[in-house]
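Here is a short briefing for a first look at this protein. Keep the structure open while you read.

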Amino acid sequence: MREIIVLGGSGSGKTSLSLCMAHLASDPVLCDLNPEIPDLSRSLSPAILESEPVLSGGTASIITDQCIHCLSCVRLCRQGAVIPQGPQIDPDRCEGCGVCANLCPAMAIELTVQEIGKCCLSRTRFGSLAHAELVPGSICPDNLVSVLKGKGRACATSSDAAFLIGDGSSKNGSAAVSAISGAHLAVLVISPSSAALQDFERLTRLCSHFRISSALVISQWDLQPDITARLEKLAAEKKCLYAGRLPFSPIFTKATQEGKAVTEFAVPEAEDVQNTVCKLLAAAQEQCPHH
């Protein structure tokens, strides 16, 4: 099994590329590794096979009858969520880390665990999908991306899938680290913009640090050809595989809205995407297996 993680910012076209990879790979296992903006699972309308609750730390509360008013909780809370008068907890500031509850000498603080969604394994027309459905407005737990990858890997191993394809975000540093951890190939989808060069350098440094092979795909390249040329040059300097460039076209938005891959349409852009995907799948196959 080869693990390919697609990283990109919002509007970069990463989910469009992930859908095309899912379409062209043979019955892969998919992972939506961007739980707060789950574009991949929204596009595929998954049928849930199994699920388990996603829990957050909840909010701390003080048990008044047990409190000895030592105010150690005030000193310990780095969020400033404990108000000395009382004392009492400010629920808008409390992040549910549990430090106050664990270190309270009187054991007078309790955490109320909250269910904020579910972690699912589903079936789609392209293959199995590990994804999460969170309550709108909830904060994604730090370990959720790792949990989703673990669920996807287990499914890929049991089904003897050739590929695990993950759709992740490049904006959140800890989520990006969790997404690419142990991957065979990280696909960096970059749109040419004023921040594109910095984003690409940051992501290639991240991949290099974890010794993960990377590949560059430039989306909407024709909007700023000068930055595209600089990205291509930088990829060569960083020894990052340059897999191809995709034009700006309404077909990408249309395909995602219809839950389809661009490669399912008889349009000129489909050939460009297919060539790029074939390069990426071949590059992942060349990596030494480690799962």
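Leaving aside neighbours within four places in sequence, which residues is Leu231 in contact with? Leu231 is in contact with Ile190, Pro192, Ala196, Leu197, Phe200, Leu216 and Ile218. The model is predicted. The protein averages a pLDDT of 92, and 98% of the residues score at least 70.

**Overall picture**

- The protein has 291 residues, and buried residues make up 50% of them.
- It contains 10 helices and 11 strands.
- The C-alpha trace spans about 70 × 40 × 35 Å along its principal axes.
- Consider contacts between residues at least 6 apart in sequence: 77% of them join residues at least 24 apart.
- Confidence is highest in strand E2 (residues 29–33), with a mean of 97.
- Confidence is lowest in helix H6 (residues 173–180), where the mean is 87.

**Nonpolar cores**

- In soluble globular proteins, nonpolar side chains tend to be buried together.
- The largest nonpolar core here has 42 residues.
- Ile180, Phe200, Leu216 and Leu231 have the most contacts inside this core.
- Helix H7 (residues 196–209) gives the most to the core, with six residues.
- A second core is separate and has 34 residues. Its members include Leu30, Leu129, Val262 and Val273.

**Helices H1 and H10**

- Two packed helices are described by the angle between their axes and the distance between the axes.
- Helix H1 covers residues 14–24, and helix H10 covers residues 268–286.
- Their axes come within 10 Å and cross at roughly 70°.
- Angles of 65 to 115 degrees count as roughly perpendicular, so H1 and H10 are roughly perpendicular to each other.
- On the H1 side, the contact is made by Leu17, Cys20, Met21 and Leu24.
- On the H10 side, it is made by Val273, Gln274, Val277, Leu280 and Leu281.
- Val273 also belongs to the second core.

- Ser128 lies in strand E7, which runs over residues 127–134.
- Is Ser128 buried or exposed? Its relative accessible area is 12%. Buried means under 20%, so Ser128 is buried.
- The side chains of Ser128 and Arg123 are joined by a polar contact of 3.3 Å.
- Not counting residues up to four places away in sequence, Ser128 touches Pro28, Val29, Leu30, Leu121, Ser122, Arg123 and Cys155.
- One of these, Leu30, is also in the second core.

**Backbone points to check**

- Most residues other than glycine have a negative phi, and most peptide bonds are trans.
- The peptide bond from Gly86 to Pro87 is cis, with omega near -15°.
- Pro87 is found in the loop between strand E4 (82–83) and strand E5 (88–89).
- Ser45 is not a glycine, yet its phi is positive, at about 45°.
- Ser45 lies in the loop between helix H2 (39–44) and strand E3 (47–62).
- Why does Ser45 count as exposed? Exposed means over 50% relative accessible area, and Ser45 has 60%.
- Gln220 has a positive phi too, near 55°.
- Gln220 is found in the loop between strand E10 (213–219) and helix H8 (225–237).

Conventions: Residues numbered from 1 in each chain as written. Predicted model: local features only at pLDDT ≥ 70, side-chain atom pairs only at ≥ 80, totals over all residues. Heavy atoms only, no water. Core = buried A, V, L, I, M, F, W, Y, C linked by side-chain atoms within 4.5 Å. Buried < 20%, exposed > 50% of the residue type's maximum accessible area, 1.4 Å probe, protein only. Helix = DSSP H or I, 4+ residues; strand = E, 2+ residues; numbered from the N terminus. Contact = heavy atoms within 4.5 Å. Polar contact = N/O pair within 3.5 Å; in protein donor to acceptor, adjacent residues only side chain to side chain. pLDDT = per-residue confidence, 0-100. Axes fitted to C-alpha atoms, helices over the stretch in contact; angles between N-to-C directions. Parallel < 35°, antiparallel > 145°, perpendicular 65-115°, else oblique.
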